[in-house]
Amino acid sequence: MGTAADLAASVRERGPAVVLTGAGMSTESGIPDFRSATGIWAEVDPFEVASIDAFLRDPLRVWRWYGKRIGGLLAAAPNAGHEALAALERAGHVRAVVTQNIDLLHTRAGSGDVVEVHGSIRRFPCLACGAEESLEAVLAQLETREAPLCPSCGAILKPGVVMFGELLPPAAMERAERLARETRLLLVVGSSLQVWPVAGLPGETLRAGGALAIVNLEETPYDAEAAVLVRGPSGSMLAEVVRLLGLGSLRNDVTASS
Ligand code: BV8
Ligand code: ZN
């Protein structure tokens with residue numbers, strides 16, 4: 001089993017890395033993941049609350065779940081893992097973060113190049129007329145109603161996240177595929193790699209001759225093909241990589257001299 005030192009060595013030799021993150025990146029911020037034993041799907045059927053069919057069939061049921069989910073995501077703060085990826089990007093060791101997460105925590109931690117392949121809670125489209133509402137406007141509506149309505153046509157708005165059975169945003173997915181094919185190192189952090197088509201990205205890297213590094217608490221279908229496999233928590237593992245690459249001290253020097 002690999003260590004943070006092995007990760008730091010692979011970033012140093014093969015970087016800048018492209019990072020692919022999943023819900024396991026945010027559990028240390030208090031947001032449950034999906035497929036761990038304690039994950040969200042142990043409580044609720046994803047196809048009841050997170051599929052496009054469910055939304056078209058019973059939007060209020062979906063919103064009863066999403067209204068709570070959005071509140072939880074906004075109450076969370078970036079953890080050491082998010083901060084570490086932002087520091088690695090600033091130092092040129094990370095080219096971009098492709099994330100399946102909709103919680104905005106990479107952006108809030110300071111990562112500049114974040115590709116949100118499953119959308120986010122930033123915007124809320126109207127499927128009836130194509131209008132879009134902001135998170136702030138939707139939160140204001142949720143104070144007094146179960147589901148936000150489109151200001152133009154009155155239809156119930158959809159959360160701006162990719163639901164099961166929905167196509168991923170084409171531009172985001174095309175960029176993610178290009179990054180996966182071009183990088184010499186794809187670092188996967190906190191994902192079970194079971195949701196397609198994102199789960200196909202590590203295969204793109206390997207087929208193009210790149211290497212795979214994985215930091216995950218449980219096994220994934222790509223473990224056997226990973227050059228570095230770390231079975232540990234993302235927050236402390238990534239913070240240790242920052243320290244081993246001498247960036248932690250760099251940050252201190254900066255504050256000391258400024
Ligand atoms: C689509 C809800 C085209 C929003 C989600 C083949 C090709 C194309 C499609 C499919 C296909 N096969 C099947 C499909 C359908 C489906 C799919 O993949 N189903 C799976 C379950 C088999 N895919 C789709 O429907 C996609 N759409 O392909 O459209 C199409 C169109 C019409 C008809 C057909 C096809 C849409 C997929 C996106 C669904 N949206 N999100 C929301 O988040 O609220 S699902 C959900 O899964 C999230 O988006 C999440 O990001 C994503 C992936 O999960 P992970 O992030 O990996 O999280 P998970 O809990 O699974 O794993 C976390 C891991 O972290 C665990 O292993 C845990 O041990 C570890 N961990 C936890 N804590 C830590 C940690 N590790 C380290 N440190 C820690 N601290
Ligand atoms: Zn509308």
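Where is the place of Pro16? Pro16 sits in the loop between H1 and strand S1 (17-21), where helices (H or I, at least four residues) and strands (E, at least two) are DSSP runs numbered from the N terminus.

## Basis of the model

This is a predicted model, in which local features need pLDDT of at least 70 and side-chain atom pairs count only at pLDDT 80 or more, while totals for chains, interfaces and linings use all residues. Residues are numbered from 1 along each chain as its sequence is written, chains are lettered from A and ligands numbered from 1 in the order in which they are written, and side-chain values use heavy atoms, with hydrogens and water left out.

## Cis peptide bonds

Pro16 is joined to Gly15 by a cis peptide bond, with omega about 0°. Another cis peptide bond, also with omega about 0°, joins Trp196 and Pro197, and Pro197 lies in the loop between strand S6 (185-189) and helix H9 (201-207).

## Nonpolar cores

A nonpolar core is here a set of buried Ala, Val, Leu, Ile, Met, Phe, Trp, Tyr and Cys residues joined through side-chain atoms within 4.5 Å; buried means under 20% relative accessible area, exposed over 50% and partly exposed in between, with a 1.4 Å probe and protein chains only. The largest such core has 32 residues, of which Trp41, Trp63, Trp65, Tyr66, Ile121 and Phe124 touch the most other members. Helix H3 (52-57), helix H4 (59-75) and helix H7 (135-142) each supply at least two residues of this core, and H4 gives the largest share, six residues.

Apart from this core lies another, of 26 residues, among them Ala8, Val94, Ala211 and Leu247. Returning to Trp41, and leaving aside neighbours within four places in sequence, its contacts (heavy atoms within 4.5 Å) are with Phe34, Arg35, Pro46, Val49, Ala50, Trp65 and Phe164.

## Helix pairs

For the pairs below, axes are lines fitted to C-alpha atoms, for helices over the stretch in contact, and angles run from 0 to 180 degrees between N-to-C directions. Angles under 35 degrees count as roughly parallel, over 145 as roughly antiparallel, 65 to 115 as roughly perpendicular and the rest as oblique. A crossing is left-handed if the near helix is turned anticlockwise from the far one by less than a right angle, and right-handed if clockwise. In the residue classes, Ala, Val, Leu, Ile, Met, Phe, Trp, Tyr, Cys and Pro count as nonpolar, Asp, Glu, Lys and Arg as charged, and the others, Gly among them, as polar.

The axes of helix H5 (residues 80-90) and helix H10 (residues 234-244) come within 7 Å and cross at roughly 30°, and the two helices are therefore roughly parallel to each other; their crossing is left-handed. On the H5 side the contact is made by Ala80, Gly81, Ala84, Leu85, Ala87 and Leu88, and on the H10 side by Ser234, Gly235, Leu238, Ala239, Val241 and Val242. These residues divide into nine nonpolar, three polar and no charged. H10 also meets helix H1 (residues 4-14), the axes coming within 9 Å and crossing at roughly 55°, so that H1 and H10 are oblique to each other, in a right-handed crossing. Ala4, Ala5, Leu7, Ala8 and Arg12 of H1 face Met237, Glu240, Val241 and Leu244 of H10 in this contact, which has seven nonpolar, no polar and two charged residues.

The axes of H4 and H7 come within 12 Å and cross at roughly 120°, so H4 and H7 are oblique to each other; H4 passes H7 in a left-handed crossing. Trp63, Gly67, Ile70 and Leu74 in H4 meet Leu135, Val138, Leu139 and Leu142 in H7, a contact with seven nonpolar, one polar and no charged residues.

## Loop residues

Arg122, in the loop between strand S3 (114-116) and strand S4 (123-125), is partly exposed, with a relative accessible area of 33%. Not counting residues up to four places away in sequence, Arg122 touches Leu104, Thr107, Glu116, Glu133, Ser134 and Leu135.

Leu104 lies in the loop between strand S2 (94-99) and helix H6 (105-109) and is buried, with a relative accessible area of 13%; its phi is near 65°, a positive value in a residue other than glycine. Leu193, found in the loop between S6 and H9, has a phi near 50°, again a positive value in a residue other than glycine, and counts as buried at 4% relative accessibility.
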